[in-house]
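Please look through the model below slowly, beginning with the place where its chains meet and ending with single residues.

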Amino acid sequence: MNINAIVMFFLFVGVTLGITVWASKRTRTRSDFYAAGNSIGGMQNGLAIAGDFMSAATFLGVTALVYSTGMDAMLFVIGGTLGWAVILLLVAERLRNLGQYTFSDVVAFRLDRKPVRTMSAVGSLAVAIPYLLAQMVGAGALIQILFGLPYGVAVVLVGVLMTLYVMFGGMLATTWIQTIKAVLLLTGGTIIAFGVMSMMSFSFSDLVVAAVAEHPQGAAIMVPGVIFTDMITIISIGLAFVFGTAGLPHVLMRFFTVPDALQARRSVAYAIGFIGYFQSLIFIIGLGAIVFVTNNPEFLTVEGSLIGGSNMSAVHLSKVIGGDLFLGFISAVAFATILAVVSGLTLSAAAAVSHDIYANVLRHGQNDRDTELKISRITTLVIGLTTMALAILLEGENVAVLALIALAIAASVNFPVMFLSMYWSRFTTRGALAGGYAGLATALILVMLGPTVWVTVFGFDEPVFPYNYPTLFAMLANLVFSFWFSVTDKSQRALAEAELFDSQWIRSEIGPVKEQS
Amino acid sequence: MLNQADKQILINEDFRKLVRVRRRISWSFLIFLLTLYLAFGMMSVFTPEVLARPVIEGGMVPLGIWMGYAILAATFTITLVYVWLANHVFSPLERKVIEAVDR
């Protein structure tokens with residue numbers, strides 16, 4: 001039990017609940033609920049986007065990866081930043097120009113609305129739900145260690161708070177919570193990295209030398225290839241980062257909270273600045289953890305392993321840097337991070353159900369807006385309750401598996417479909433459906449047959465599919481099916497869709513054009 | 001079905017220039033960054049010991065760390081250049097197209 005951590009945690013919860021009450025008074029329409037009334041500025045949205053990406057998985061997980069494997073983690077550090085360049089250069093402005101609340105709006109711009117929306121909503125849910133569960137299972141374990149609460153209580157606490165934030169505060173509250181957390185995390189990360197560097201008398205070489213000296217594997221940590229050894233795995237990881245990031249529904253949704261394409265572009269530019277900065281801190285923090293935590297008896301169990309596992313290396317390091325008070329601060333920040341990210345995910349899952357499936361598929365876009373808002377709040381509650389129950393059942397499950405499924409699906413379903421609908425004039429509804437579902441099925445089946453599920457979860461000796469990451473194959477499946485079923489589509493509908501492309505192209509390039517006769 | 005305004009935009013010189021320039025810029029920036037990343041990935045498969053070697057004679061910081069930070073810096077520089085181009089080249093063109101059609 002750490003009193004400082006608990007005080008700071010309650011401070012954060014108090015402030016965020018206050019924001020939720022304030023936001024709930026301003027959330028009256030659908031646009032308020034899904035897109036914060038398009039009222040967010042570029043810089044704040046950039047912080048919120050960065051916040052969405054700097055999840056507990058990045059802060060604790062990538063630090064842990066540097067801590068245990070050294071150079072291999074560089075692939076994650078670079079990939080995590082590069083994915084944003086794809087969003088800036090190919091997607092951000094067009095997304096804002098063509099869509100309204102979700103990325104399905106863009107796919108449905110000229111394709112057959114109902115089946116295509118259903119498919120991209122399924123894609124969004126298939127990304128958001130496992131990602132949400134990964135964060136919640138991780139949160140439960142983390143809170144158990146930090147605050148000494150039982151796992152179940154911790155999960156319910158996270159679940160109740162996220163449901164409250166989203167149900168009453170909508171996108172406005174979610175954005176503010178994400179912004180505050182991003183500032184806290186950037187501050188915390190800066191202090192840890194600064195502390196590490198100051199103890200190394202600000203010499204990066206000294207830090208590298210000390211890390212090599214302290215790590216049990218010595219100089220081998222500077223050689224890549226500890227866990228990622230073959231080309232297929234490295235390409236799949238690269239693809240998942242570079243294109244999966246641009247397929248995460250909760251990130252894409254943030255581009256609709258700004259007023260126009262100009263602000264969307266500014267948001268990503270700021271986000272890249274914040275994320276790149278944070279990623280470069282992570283490598284320093286990881287090396288610092290090797291130096292100050294690895295052989296520190298204070299953080300080791302009797303058997304000599306790290307208390308709480310390697311995921312806790314960043315948290316232990318904060319104690320070395322700033323004592324109990326700073327440990328409390330970082331623990332509270334880690335918790336805030338989880339809360340903010342699960343809120344964003346919940347909102348994107350709720351929007352997929354209420355805006356895409358309910359309003360546009362079941363009600364043909366003819367429903368009244370108050371009902372849609374009500375449906376999205378009910379969906380939020382249902383998602384909150386379901387994920388709490390599932391997270392309790394999944395206690396102790398490997399969090400990486402769930403996160404891996406999510407990013408692989410984002411790269412193999414959402415991104416290719418969105419990209420092709422923006423850029424390829426001959427992309428048809430039939431192609432989109434064949435490609436999207438083929439990508440989804442390939443990703444799911446290969447994860448099932450791969451080492452993480454087939455061997456670790458099911459307990460078979462040999463995996464049927466030898467690679468951990470399915471992205472390369474699933475993305476290819478999507479592209480091949482999309483291509484083949486589009487070019488062979490000779491229906492009347494396909495011709496009409498190709499004709500609509502020019503008008504979509506104009507709007508994606510220069511934004512809404514005044515309609516004239 | 002294209003309406004009159006859309007037809008006008010498609011043949012508008014400024015619009016065609018906007019599309020051409022932006023396409024060339026975005027894709028060359030993107031391919032440049034992806035090539036760097038691919039190079040890093042392939043080096044870690046085929047020549048891992050090269051990434052572990054210090055860059056400067058007698059130095060301690062290995063090439064892999066230099067490359068990693070250099071790619072981060074390249075991503076950030078490209079972001080700034082793209083935003084500058086978007087503000088000073090693309091946006092004015094967009095405005096010209098819209099004005100031409102409104103008239």
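Between chain A and chain B there are three salt bridges, a salt bridge being a side-chain nitrogen of Lys or Arg within 4 Å of a carboxyl oxygen of Asp or Glu. One of the salt bridges joins the side chains of A:Arg507 and B:Asp6, with 3.5 Å from N to O. The elements of chain A that give two or more residues to the side touching chain B are helix H5 (74-98), helix H9 (204-214), helix H10 (231-244), helix H12 (261-293) and helix H19 (492-510), where helices are DSSP runs of H or I with at least four residues, numbered from the N terminus. Of these, H5(A) gives the most, with 14 residues.

This is a predicted model, in which local features need pLDDT of at least 70 and side-chain atom pairs count only at pLDDT 80 or more, while totals for chains, interfaces and linings use all residues; side-chain values use heavy atoms, with hydrogens and water left out. Residues are numbered from 1 along each chain as its sequence is written, and chains are lettered from A and ligands numbered from 1 in the order in which they are written. Chain A averages a pLDDT of 88, and 98% of its residues score at least 70, pLDDT being the predictor's confidence in each residue, from 0 to 100.

Taken as a whole, the contact (heavy atoms within 4.5 Å) involves 54 residues from chain A and 52 residues from chain B. Together the two chains bury about 4700 Å², of which 75% lies on carbon and sulfur atoms; buried area here is the accessible area, found with a 1.4 Å probe, that two parts lose on being put together, summed over both.

From chain B, one residue can be followed in detail: B:Ser44, which is found in helix H2 (residues 13-46) of chain B. B:Ser44 counts as buried because its relative accessibility is 6%, and buried means under 20% relative accessible area (1.4 Å probe, protein chains only). Its side chain reaches the backbone oxygen of B:Gly41 at 2.8 Å. Leaving aside neighbours within four places in sequence, B:Ser44 is in contact with A:Pro224, A:Ile234 and B:Leu51.

Finally, consider the backbone of chain A. Most residues other than glycine have a negative phi. A:Ala36, although not a glycine, has a positive phi of about 50 degrees, and its place is in the loop between helix H2 (30-35) and helix H3 (42-53) of chain A. A:Phe202, also not a glycine, has a positive phi of about 55 degrees.

Technical notes. Buried < 20%, exposed > 50% of the residue type's maximum accessible area, 1.4 Å probe, protein only. Polar contact = N/O pair within 3.5 Å; in protein donor to acceptor, adjacent residues only side chain to side chain.
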